[in-house]
Amino acid sequence: MAYQTLQQEYLQIPVVTRAYTTACVLTTAAVQLEIITPFQLYFNPELIFKHYQVWRLITNFLFFGTVGFNFLFNMIFLYRYCRMLEEGSFRGRTADFVFMFLFGGFLMTIFGLFVNLVFLGQAFTIMLVYIWSRRNPYVRMNFFGLLNFQAPFLPWVLMGFSLLLGNSIIVDLLGIAVGHIYYFLEDVFPNQPGGGRLLRTPGILKAVFDTPDEDPNYNPLPEDRPGGFNWGEGQRLGG
């Protein structure tokens, strides 16, 4: 019975969030069990383009380090904000969500050629947090019960937290930069005088991921999101 309940809960997770989170957990488990090593996964342009190890373009987004506090912290934020986006502003638009993944991953790969980062998963998580925060500007956040602020400040709070832990802020800045580029092109520029929509989801993605019974006009309130941890818990103003 417990297994069936767990299986039902798992299958209720939106498809993109479920696939990406599962891939990250399985990749980490494989490294922990010494089935593979991080040296087979990391981003290395020379090995990718000269030795055709193209899987590294994907696997560098899947490994978040060995199991520990940083891994759990990243997994919680990845799952939480990826799911909130998929069930919120991308509800009924799975193809658009996949396209956002591809666009963000492509930009990070390009930027990765110029910065010394071998794993880009954490930056990708910050990108998801940034996009969600800009689309929910009036949600009040509580971080570890210590700080209260509005959602758009969350990526910067996380960057400060990384700094306190002794981590490089390059990761956070990369995620914020890519998130802002997507947010600007998708949400800001089309509404400017003379602006237009530059990002268009390819038809093949729509054919694969979007089903007829999904309602593209569904627009839930920001509070329609998974509950759980108060590491970045939100409360809508006036709610």
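This is a predicted model: local features need pLDDT of at least 70, side-chain atom pairs count only at pLDDT 80 or more; totals for chains, interfaces and linings use all residues.
Biologist: What makes F90 and F97 an aromatic pair, and why is it called tilted?

Modeller: The ring centres of F90 and F97 are 5.0 Å apart. Pairing needs centres within 6.5 Å, so they pair. Their planes make an angle of 45 degrees. Stacked needs under 30 degrees and edge-to-face over 60, so this pair is tilted. Both F90 and F97 are buried. The structure holds 14 aromatic pairs.

Biologist: How do you know that R18 sits over the ring of Y10?

Modeller: The charged end of R18 is 5.9 Å from the ring centre of Y10. The cut-off is within 6 Å, and within 35 degrees of the ring normal. R80 lies over the face of Y81, also at 5.9 Å from the ring centre.

Biologist: What span is expected for helix 9 (residues 170-188), and what does it reach?

Modeller: At 1.5 Å a residue, 27 Å is expected for its 19 residues. Helix 9 reaches 25 Å from first C-alpha to last, close to that value.

Biologist: What covers the buried residues of helix 9?

Modeller: The cover includes helix 6 (94-112), helix 7 (121-135) and helix 8 (154-164). Among the buried residues are V171, L174, Y182 and E186.

Key: Residues are numbered from 1 along each chain as its sequence is written. Side-chain values use heavy atoms; hydrogens and water are left out. Rings of Phe, Tyr and Trp (its six-membered ring) pair if their centres lie within 6.5 Å; planes under 30 degrees apart count as stacked, over 60 as edge-to-face and the rest as tilted. Buried means under 20% relative accessible area, exposed over 50%, partly exposed in between (1.4 Å probe, protein chains only). Helices (H or I, at least four residues) and strands (E, at least two) are DSSP runs, numbered from the N terminus. The expected span of a helix is 1.5 Å times one less than its number of residues. Contact means heavy atoms within 4.5 Å.
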